[in-house]
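Thanks for coming. I have one chain to go through today, so please look at the sequence and the structure on the screen.

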Amino acid sequence: MLDRLLELNHQRYAEEVAQGLHDKGKKKGKSGVKKKAQVQPKEQDNDSEQLSLF
């Protein structure tokens, strides 16, 4: 099964190279990495001290 996955991975990579998605000469900066958004604290009601996870 791992051999088949490796084969499929190589095949997909070859297709992406053909589409020009993997240029060896170009180095990508960190622009592809998203920065974490700063979370603004919400005003809390004194009546509800229980926090919701969702």
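Of the 54 residues in the chain, buried ones make up 0%. Buried here is under 20% relative accessible area, exposed is over 50%, and partly exposed is in between, with a 1.4 Å probe and protein chains only as cover. This is a predicted model, in which local features need pLDDT of at least 70 and side-chain atom pairs count only at pLDDT 80 or more, while totals for chains, interfaces and linings use all residues. Residues are numbered from 1 along each chain as its sequence is written, and side-chain values use heavy atoms, with hydrogens and water left out.

The chain exposes about 6700 Å², and 52% of that is supplied by carbon and sulfur atoms. Areas come from the Shrake-Rupley method with a 1.4 Å probe, and for residues only the protein chains shown count as cover.

Now the secondary structure. Helix 1 has 17 residues and spans 24 Å from first C-alpha to last, close to the 24 Å expected at 1.5 Å a residue. That expected span is 1.5 Å times one less than the number of residues.

Which side chains meet in a salt bridge? Those of glutamate 7 and arginine 4 do, at 3.3 Å, N to O. The term asks for a side-chain nitrogen of Lys or Arg within 4 Å of a carboxyl oxygen of Asp or Glu. The structure holds one such bridge. The two residues are three apart in helix 1 (residues 2–18), so about one helical turn separates them. Glutamate 7 is partly exposed at 47%, and arginine 4 is partly exposed at 46%.

Next, the surface. Met1, Leu2, Leu5 and Leu8 form a nonpolar patch with about 490 Å² of accessible area together. Patches take residues with over 30% relative accessible area and no salt bridge, joining like charges within 9 Å and nonpolar side chains (Val, Leu, Ile, Met, Phe, Trp, Tyr) within 5 Å. Leucine 8 lies in helix 1 and is partly exposed, at 35%.

Last, what comes after the helix. Glycine 20 follows helix 1 with a positive phi, near 85°. Histidine 22 is in the segment after helix 1 and is partly exposed at 32%. Leaving aside neighbours within four places in sequence, histidine 22 is in contact (heavy atoms within 4.5 Å) with Tyr13, Glu16 and Val17.

How values were computed. Helix = DSSP H or I, 4+ residues; strand = E, 2+ residues; numbered from the N terminus.
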